[in-house]
Amino acid sequence: MLPDSGHLSPPEFNIPDTNYTNSGQLKVIWLVEGEPSRDSEYQFELQQSMDSDFGKSETLYKGPDYATFLSGLRNGTYYYRVRIVDHAGNPLSDWSTTVSMVVQHHSLFLAYVLLAVGGFVFLLTVGIVVHGFLTTRDESLKNANA
């Protein structure tokens, strides 16, 4: 039989000290005191919200894993919390301490600058290859006619 709500210690997040990403993706990892076995009846419910009081939240994950990968996040501050639930979704622990993550993508200007630099390097490489090919071909033709 599973314990009543609040009898298990809430999970704790194990994420990097920096709560900032410029890629719009992150791996959210949590730990549980005493680490219940992976084949137990425990599951986890991970919620995300744009406000710290979780007035409007969304459940992103419900299952037995101790982590999930999030991608496609837009610029902004996101708040996360996780708790232990049973298979029916009944809470077995309180919510974890809330953690926040700030998403701030690289600027569009930087993207265009990097695109231009990449294009320049590509054209320069093509030019060097073509020049080398023509030079070697001309030398081969001279040697063949001599």
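Which residues have the most contacts inside the largest nonpolar core? In this predicted model, they are Phe13, Trp30, Leu46 and Tyr80, and the core as a whole has 21 residues. The sections below describe the sheets, the core and selected residues.

## The three-stranded sheet

Strands S1, S3 and S6 form an open sheet, in the order S1-S3-S6, with antiparallel pairing. Strand S1, covering residues 12–13, and strand S6, covering residues 67–70, stand at the edges; each has a single partner strand, so one side of each is left without a neighbour in the sheet.

Strand S3 spans residues 26–31 and is joined to S6 by four bridges in the antiparallel sense. Within this sheet, valine 28 is found opposite threonine 68 of S6.

## The five-stranded sheet

A further open sheet contains five strands in the order S2-S8-S7-S4-S5, and its pairing is mixed. Its edge strands, each pairing on one side only, are S2 (20–21) and S5 (57–63).

The pairing of S2 with S8 (residues 99–103) is parallel and rests on two bridges; here threonine 21 stands opposite valine 103 in S8. S8 also pairs with S7, in the antiparallel sense, through five bridges. Glycine 76 has valine 103 of S8 as its bridge partner.

S7 and S4 run antiparallel and are joined by seven bridges. Among the residues facing each other are glutamine 43, which stands opposite valine 85 in S7, and glutamate 45, whose bridge partner in S7 is arginine 83. S4 and S5 likewise run antiparallel, with six bridges between them; phenylalanine 44 is there bridged to glycine 63 in S5.

## Enclosed strands

Strand S4 is largely enclosed by the rest of the structure, because seven of its seven residues are buried. In a regular strand, side chains alternate between the two faces of the sheet. In S4, Gln43, Glu45, Gln47 and Ser49 point one way, while Phe44, Leu46 and Gln48 point the other way; all are buried.

Strand S7 is also largely enclosed by the rest of the structure, since eight of its ten residues are buried.

In soluble globular proteins, nonpolar side chains tend to be buried together. The largest nonpolar core of this model comprises 21 residues. Strands S3, S4 (43–49), S7 (76–85) and S8 each supply at least two residues of this core. The greatest contribution comes from S7, with four residues.

Leucine 46 is one of the core residues with the most contacts inside it. Apart from neighbours within four places in sequence, leucine 46 is in contact with Phe13, Val28, Trp30, Glu58, Thr59, Leu60, Tyr61, Thr68, Tyr80, Arg81 and Val82.

## Aromatic rings

Arginine 81 is placed over the faces of two aromatic rings. It lies 4.1 Å from the ring centre of phenylalanine 54 and 4.2 Å from the ring centre of tryptophan 95.

## Serine 49

The side chain of serine 49 has two backbone oxygens within reach. The backbone oxygen of aspartate 51 is reached at 3.0 Å, and that of lysine 56 lies 3.0 Å from a polar atom of the serine 49 side chain. Setting aside neighbours within four places in sequence, the contacts of serine 49 are Phe54, Lys56, Ser57, Thr77, Tyr78 and Tyr79.

Notes. Residues are numbered from 1 along each chain as its sequence is written. This is a predicted model: local features need pLDDT of at least 70, side-chain atom pairs count only at pLDDT 80 or more; totals for chains, interfaces and linings use all residues. Side-chain values use heavy atoms; hydrogens and water are left out. Two strands pair if DSSP finds at least two bridges between them. A charge sits over a ring if NZ of Lys or CZ of Arg is within 6 Å of the ring centre and within 35 degrees of the ring normal. A nonpolar core is a set of buried Ala, Val, Leu, Ile, Met, Phe, Trp, Tyr and Cys residues joined through side-chain atoms within 4.5 Å. Buried means under 20% relative accessible area, exposed over 50%, partly exposed in between (1.4 Å probe, protein chains only). Contact means heavy atoms within 4.5 Å. A polar contact is a pair of N or O atoms within 3.5 Å; within protein, one must be able to donate a hydrogen and the other to accept it, and residues adjacent in sequence count only if both atoms are side-chain atoms.
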